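I opened a notebook for a structure that is new to me.

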Amino acid sequence: RRGALAGEKENRINILLTAIGGEGHQGENLADTIILASVRPQEKDVAMLSIPRDLYVKIPRTELYARINNVHAYGENQRRGEGIKLLREKVAEITGQPVHYVARVDFEAFKRIVDQTGGVDITIRNSFYDFWHKISFPAGTEHMSGERALAYVRARYIEGSEGGDFKRAERTQQIALAIRKKIFSVETAVDLRALAGVLDALRDHAVTNFTLAELRRLAELTRAIPDDQLHTAVLTTGPEGLLQGTTEVLGGRPASVLRPRSGLEHYAEIQQFAATIFSEARVAPSPASAGTSPSPGPSTPAPSPSPTASPTPEGSTSEKPTTVDVRNGTSVTGLGARAAQALKGKRFTIAAVGNAAIRNRTQTIVVDRTNGKKPSSLRELLATLGVSSAVAFPDAEKKTSDADFIVFLGTDVVEKFKE
């Protein structure tokens with residue numbers, strides 16, 4: 001079947017790209033990558049908008065709330081194939097855009113795609129080490145296999161500027177653009193043999209509502225799009241971001257989540273951004289070009305970089321003394337003392353060390369008691385702990401400290417502050 005794609009007549013084709021762990025992986029149905037890719041055939045440009053997996057949402061057709069990555073898992077638990085339907089519905093609600101097509105892959109499919117195209121060339125701008133998966137990525141251009149590329153996009157337990165889920169989303173977009181570049185290279189664009197090979201590699205590991213003819217049409221529309229017509233954006237927190245961090249009870253435990261800054265389930269700002277993303281998002285740097293810097297972006301509100309950006313030593317020093325109350329939210333003996341000692345090494349003043357009221361915390365959270373008056377210190381603290389953003393004070397805890405920041409340690413930092 002040939003002819004126009006859905007959305008082509010309206011000059012905007014929207015595709016939901018999502019990835020799950022798949023069989024054999026913990027949380028196999030959690031959608032940990034969620035990207036709305038949009039194509040404008042007439043202008044010959046593409047935009048990708050990443051939605052963070054920790055966005056706290058109401059699951060469609062229910063009264064239940066969860067992180068958005070759990071929407072897919074919830075649907076699959078109800079009936080196989082329902083997960084992608086619910087996620088598609090939720091992404092359409094959040095962005096205000098019709099989602100014409102979906103493409104879901106698991107980790108195995110991701111690796112096969114990269115390997116089928118002969119690997120991808122990726123420039124790593126800043127060296128980093130994922131202390132959870134115990135793998136390092138030195139700065140420079142690297143030719144990555146499928147296994148290596150998967151580790152690259154999954155890495156997020158990282159200290160410094162490359163840590164957190166927002167940077168992880170940027171790396172996922174980088175790999176996606178590199179795959180596109182390989183598939184639509186001069187050598188493979190003639191008869192789409194590389195695309196056919198990719199499709200064959202995806203058997204039993206991918207779900208899509210594209211027909212083969214529609215994929216061919218999409219390839220025809222997008223393979224000639226130049227790099228300076230590719231745009232990327234990640235919904236983030238920050239002074240100009242469209243999201244904010246908070247705490248909700250999930251599974252009976254307090255958990256760090258994100259929600260629109262305008263309020264829970266209030267998506268008007270995000271919808272406005274999605275509607276104008278081609279002019280608002282930055283031009284994507286080439287996957288293998290270390291010297292290409294992102295364009296500065298618009299003056300209108302747009303997602304900002306993650307608060308885990310590298311701290312400015314001068315600014316951080318000028319905000320000292322900065323006091324921190326460290327509370328152990330785990331059953332691991334001595335974790336609070338070891339974390340406090342590490343923070344002392346960063347020139348923080350430790351106001352108190354003790355146990356939290358909640359002792360089964362899995363994720364570390366930071367509470368900013370300065371109301372944003374010490375931004376450099378906050379960035380340094382978040383980077384040291386590997387936390388994406390500050391949150392509101394948990395209801396179950398006691399507000400007994402006068403410290404600038406209160407840290408509630410979770411099991412996610414046990415390896416970081418081990419004996």
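**Pockets and a helix pair**

I began with the second largest pocket, whose lining divides into 32 nonpolar, five polar and five charged residues. The model I am reading is a predicted one. I noted about 1100 Å³ of space in this second largest pocket. Its lining has 42 residues, and Leu17, Ala103, Ile113, Ala176 and Ile179 are the closest to its centre. I looked up which element gives the most to this lining, and found H5, with eight residues.

Next I turned to the largest pocket, which holds about 1400 Å³ of space. I found 42 residues lining the largest pocket, with Arg53, Arg67, Arg156, Tyr157 and Gln363 nearest its centre. Strand S5 (65-67), helix H1 (69-78), helix H5 (165-183) and strand S14 (253-260) are the elements that give two or more residues to this lining. S14 gives the most, with six residues. By class, I wrote down 15 nonpolar, 17 polar and ten charged residues for the lining of the largest pocket.

Last, I checked a helix pair. How do the axes of helix H2 and helix H8 cross? For H2 (residues 82-95) and H8 (residues 268-275), the axes come within 7 Å and cross at roughly 90 degrees. On the H2 side, Glu93, Ile94 and Thr95 make the contact, and on the H8 side Ile270, Gln271 and Ala274 do. I sorted the contact of H2 with H8 by class and got three nonpolar, two polar and one charged residues.

Notes
Residues numbered from 1 in each chain as written. Predicted model: local features only at pLDDT ≥ 70, side-chain atom pairs only at ≥ 80, totals over all residues. Heavy atoms only, no water. 1 Å grid on protein atoms, 1.4 Å probe; cavity = no way out; pocket = protein on both sides within 12 Å on 5 of 7 lines; lining within 4 Å. Points joined across faces, edges and corners; volume = space filled by probe spheres on them. Helix = DSSP H or I, 4+ residues; strand = E, 2+ residues; numbered from the N terminus. Nonpolar A, V, L, I, M, F, W, Y, C, P; charged D, E, K, R; others polar. Axes fitted to C-alpha atoms, helices over the stretch in contact; angles between N-to-C directions. Contact = heavy atoms within 4.5 Å.
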